[in-house]
Amino acid sequence: MLSISKKCLKANVEAHDWKDSIRKAGQLLFDVGSIRKDYIESMIDIVEELGPYIVIAPHIALAHAKPCSNVIKDDISMITLKEPINFNTENDPVKVIICLAAVDGNSHMSCLKDLACMLKEENCEKLINCKTDDDLYRFVEQANGRLLCAEKFHQAYPISRAISEEQL
């Protein structure tokens, strides 16, 4: 299940540009002690170096940097933007910024899998339309409920897991 602290969810955030949006989403991780400040700039630097590959779907960016000593613990933050911003990609404008912090190259894989399930096309519109912090929190909780339900089903019927994983 995807674990996102309520303190790491913020809706209707004002951001001037893509850098500001990453800083604001990253600040939530800093505020709860999951990262050091330098990690936020590392997320921006990687986009400047490699381009806006972090825009993973229409309207959604997954900001991250390489695992490093600036990550204190694996964590994730999520913000929706009051006004969409452009990263200059075909998936613009971006309305949701998700920040991922990972202490190593493996510990966050389960989180990424759950995030992929949460961001299935039918859920994206609900996420994009979250206007309040409570809306965002409810979205995450409902997604977790669906993930938990699916996990229980797969435990009861192991063959279904193999079929589902082949579809991913």
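Here are some notes on this predicted model, point by point.

1. **Ground rules.** Because the model is predicted, local features need pLDDT of at least 70 and side-chain atom pairs count only at pLDDT 80 or more, while totals for chains, interfaces and linings use all residues. Residues are numbered from 1 along each chain as its sequence is written, and side-chain values use heavy atoms, with hydrogens and water left out.

2. **Overall layout.** The protein chain has 6 helices and 5 strands. Both kinds of element are DSSP runs numbered from the N terminus: helices are H or I with at least four residues, strands are E with at least two. Read from the N terminus, the order is β-α-α-β-β-β-β-α-α-α-α. Of the 168 residues, 43% count as buried; here buried means under 20% relative accessible area, exposed means over 50%, and partly exposed is in between (1.4 Å probe, protein chains only). Take the contacts (heavy atoms within 4.5 Å) between residues at least 6 apart in sequence: 67% of them join residues at least 24 apart.

3. **Helix 1.** Just after the helix, Gly 33 takes a positive phi of about 85 degrees.

4. **What helix 1 packs on.** Its buried residues are Trp 18, Asp 20, Ser 21, Ile 22, Ala 25, Gly 26, Leu 28 and Leu 29. Their packing partners are strand 1 (9-13), helix 2 (37-50), strand 3 (60-63), strand 4 and strand 5. As background, an α-helix has 3.6 residues a turn, so residues three or four places apart point the same way.

5. **The aromatic pair.** The structure holds 1 of these. Trp 18 and Phe 87 sit 5.7 Å apart centre to centre with 35 degrees between the planes, which makes the pair tilted. The cut-offs: rings of Phe, Tyr and Trp (its six-membered ring) pair if their centres lie within 6.5 Å, with planes under 30 degrees apart stacked, over 60 edge-to-face and the rest tilted. Trp 18 is buried at 18% relative accessible area, and Phe 87 is buried at 4%.

6. **Charges over rings.** The charged end of Lys 6 sits over the ring of Tyr 137, 4.8 Å from its centre. Lys 37 lies over the face of Phe 30, at 4.6 Å from the ring centre. To count, NZ of Lys or CZ of Arg must be within 6 Å of the ring centre and within 35 degrees of the ring normal.

7. **Cysteines.** How many disulfides does a search of the whole structure find? The count is 0, using a cut-off of cysteine sulfur atoms within 2.5 Å. Cys 68 is partly exposed at 27% relative accessibility, whereas Cys 130 is buried at 5%.

8. **Backbone spots to look at.** The peptide bond from Asp 92 to Pro 93 is cis, with omega near -10 degrees, and Pro 93 is in the loop between strand 4 and strand 5. Asn 88 lies in the loop between strand 4 and strand 5, has a positive phi of about 65 degrees although it is not a glycine, and is exposed at 71%. His 59, in the loop between strand 2 (55-57) and strand 3, has a positive phi of about 75 degrees without being a glycine. His 59 is partly exposed, at 28%.

9. Glu 14 is in the loop between strand 1 and helix 1 and is exposed at 51%. Leaving out residues up to four places away in sequence, Glu 14 touches Asp 20, Lys 24 and Lys 82. Pro 84, in strand 4, is 70 residues from Glu 14 in sequence but 9.2 Å away in space, C-alpha to C-alpha. Beyond its neighbours within four places, Pro 84 contacts Pro 93, Val 94 and Lys 95.
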